[in-house]
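Me: Please show the model. I will then ask about its charged and aromatic side chains.

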Amino acid sequence: MSETTTTTAPALTGERADLLVALAKQRHFLRFTTRDLTDAQAGQRTTASELCLGGLIKHVTSVERVWANFVVDGPSAMPDFTAFTEADYARRADEFRLLPGETLAGVLADYEEVARRTDELVATLPDLDATQPLPKAPWFEADAEWSARRVLMHVVAETAQHAGHADIIRESLDGAKSMG
């Protein structure tokens, strides 16, 4: 019989804890919009936009993954958006759809794994003030740098924005609301 030792990391406090609480809250609201849905419902467009709930989960997962990689690896973690081709834009558009063969459970599991890795990064990153130069993109200011802190605040804001979109889509689908 072997003996197993379990250790737990000390609880985070201060700014890092605040960032993780804010991110966890927005992740919850986003995931909550998908409760009790079938894959078909998760892939259904209910508004004039191209967005569906499964696609929003995929998009937020991708955004969080890329930005966490950016914190560690810098601009090489992202493409040069100024050189995007039609094929690149088509692949990006697929990020907002639940494609054939994809399931809501699968995209939620991927999101959970990305969230776990981001949370670990927040807990272990040596310095939230560490900066990386932003990649080339028409929507970024030229020659700007973002700190890890600013990236994490951006991920919280992006998640919150899309949780709001998801709430509208869900309410349009079957009347269910995240709050209220």
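Charges and rings

Me: What is the relative accessible area of E50?

Reply: This is a predicted model, where local features need pLDDT of at least 70 and side-chain atom pairs count only at pLDDT 80 or more, while totals for chains, interfaces and linings use all residues. Residues are numbered from 1 along each chain as its sequence is written, and side-chain values use heavy atoms, without hydrogens and water. With a 1.4 Å probe and protein chains only, buried means under 20% relative accessible area, exposed over 50%, and partly exposed in between. E50 is partly exposed because its relative accessible area is 46%.

Me: Which residue forms a salt bridge with E50?

Reply: A salt bridge requires a side-chain nitrogen of Lys or Arg within 4 Å of a carboxyl oxygen of Asp or Glu. The closest N and O atoms of this pair are 3.8 Å apart. The partner of E50 is R45.

Me: Which helix holds both R116 and E120?

Reply: R116 and E120 form a salt bridge, with closest N and O atoms 3.1 Å apart. R116 is partly exposed at 40% relative accessible area, and E120 is partly exposed at 46%. The two are four residues apart, about one turn, in helix α5 (residues 104-124).

Me: How many aromatic pairs does the structure hold?

Reply: Rings of Phe, Tyr and Trp (its six-membered ring) pair if their centres lie within 6.5 Å; planes under 30 degrees apart are stacked, over 60 edge-to-face, and the rest tilted. By this rule, the number of aromatic pairs is eight. In one of them, W67 and F70 have ring centres 5.2 Å apart and planes at 80 degrees, so the pair is edge-to-face. The total remains eight.

Me: Why do W67 and W146 count as stacked?

Reply: W67 is buried at 6% relative accessibility, and F70 is buried at 1%. The ring centres of W67 and W146 are 5.1 Å apart, and the pair is stacked because the planes are at 15 degrees. W67 in helix α3 and W146 in strand β2 (residues 145-147) lie in distant parts of the chain, separated by 79 residues. The angle that makes the pair stacked is 15 degrees.

Me: How far from the ring centre of F32 is the charged end of R35?

Reply: A charge sits over a ring if NZ of Lys or CZ of Arg is within 6 Å of the ring centre and within 35 degrees of the ring normal. The charged end of R35 sits over the ring of F32, and its distance from the centre is 3.9 Å.
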